[in-house]
Amino acid sequence: MFRKLFFFISFLIFVVGILYGIHWLVLDKFFPDTDFDFLIFAYKFNLGITFLFTSSIILISRKLKDQIGFIFLFETVIKIILFLYLSKSLGFHLQKSNFLEFFIPYLGCLAVEIFILIRLLKSPQVNNNA
């Protein structure tokens, strides 16, 4: 179980780090007047919430193996609601120009979540009644 958790954390940090670096370089090169505060917030939020939610799924996967998909869908909705609430409370104005600054880290973290959950569901420890 802890090996899966360690792999997930390492993989998440690796993917988000590379994605952030590429995203920052593209924005810096092509849109030099970009305010990076919202970008940093979006990456921190998505990294933190993905870590929290997916770690909890990994830790409870043996007991609630039949509900993993429903838990994942519920957490996805909660993630978007929390992001919208926090971004409004921190004073960020969501505009069409900010859409990719949220959506790229969201999709990157979502891809990591789906990859990890597929591996988790395919593992024999979750599928068997061990």
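Analyst: Helix 2 and helix 3 (residues 68-89) pack with their axes 11 Å apart, at an angle of about 155°. Helices here are DSSP runs of H or I with at least four residues, numbered from the N terminus. Axes are lines fitted to C-alpha atoms over the stretch in contact, and angles run from 0 to 180 degrees between N-to-C directions. The model is predicted: local features need pLDDT of at least 70 and side-chain atom pairs pLDDT 80 or more, whereas totals for chains, interfaces and linings use all residues. Residues are numbered from 1 along each chain as its sequence is written, and side-chain values use heavy atoms, without hydrogens and water.

User: How are helix 2 and helix 3 oriented to each other?

Analyst: Angles under 35 degrees count as roughly parallel, over 145 as roughly antiparallel, 65 to 115 as roughly perpendicular and the rest as oblique. Helix 2 and helix 3 are therefore roughly antiparallel.

User: Which residues of helix 2 and helix 3 meet?

Analyst: Contact means heavy atoms within 4.5 Å. Among the residues that meet are Phe38, Phe41 and Phe45 in helix 2, and Ile71, Phe72 and Glu75 in helix 3. The residues of this contact divide into 15 nonpolar, five polar and two charged. In this classification Ala, Val, Leu, Ile, Met, Phe, Trp, Tyr, Cys and Pro are nonpolar, Asp, Glu, Lys and Arg are charged, and the others, Gly among them, are polar.

User: At what angle do the axes of helix 3 and helix 4 cross?

Analyst: They cross at roughly 165° and come within 12 Å, so helix 3 and helix 4 are roughly antiparallel.

User: Is His23 buried or exposed?

Analyst: Buried means under 20% relative accessible area, exposed over 50%, and partly exposed in between (1.4 Å probe, protein chains only). His23, in helix 1, has a relative accessible area of 8% and is therefore buried. Leaving aside neighbours within four places in sequence, its contacts are Leu39, Tyr43, Leu100, Glu101, Ile104 and Pro105. What covers the buried residues of helix 1 includes helix 2 (37-60) and helix 4 (99-122).

User: How does Phe115 count by relative accessibility, and which residues does Phe115 touch?

Analyst: Phe115 lies in helix 4 and counts as partly exposed, because its relative accessibility is 37%. Not counting residues up to four places away in sequence, Phe115 touches Phe7 and Phe11. The C-alpha atoms of Phe115 and Phe8 are separated by 9.5 Å, although these residues are 107 residues apart along the chain.

Methods
Helices (H or I, at least four residues) and strands (E, at least two) are DSSP runs, numbered from the N terminus.
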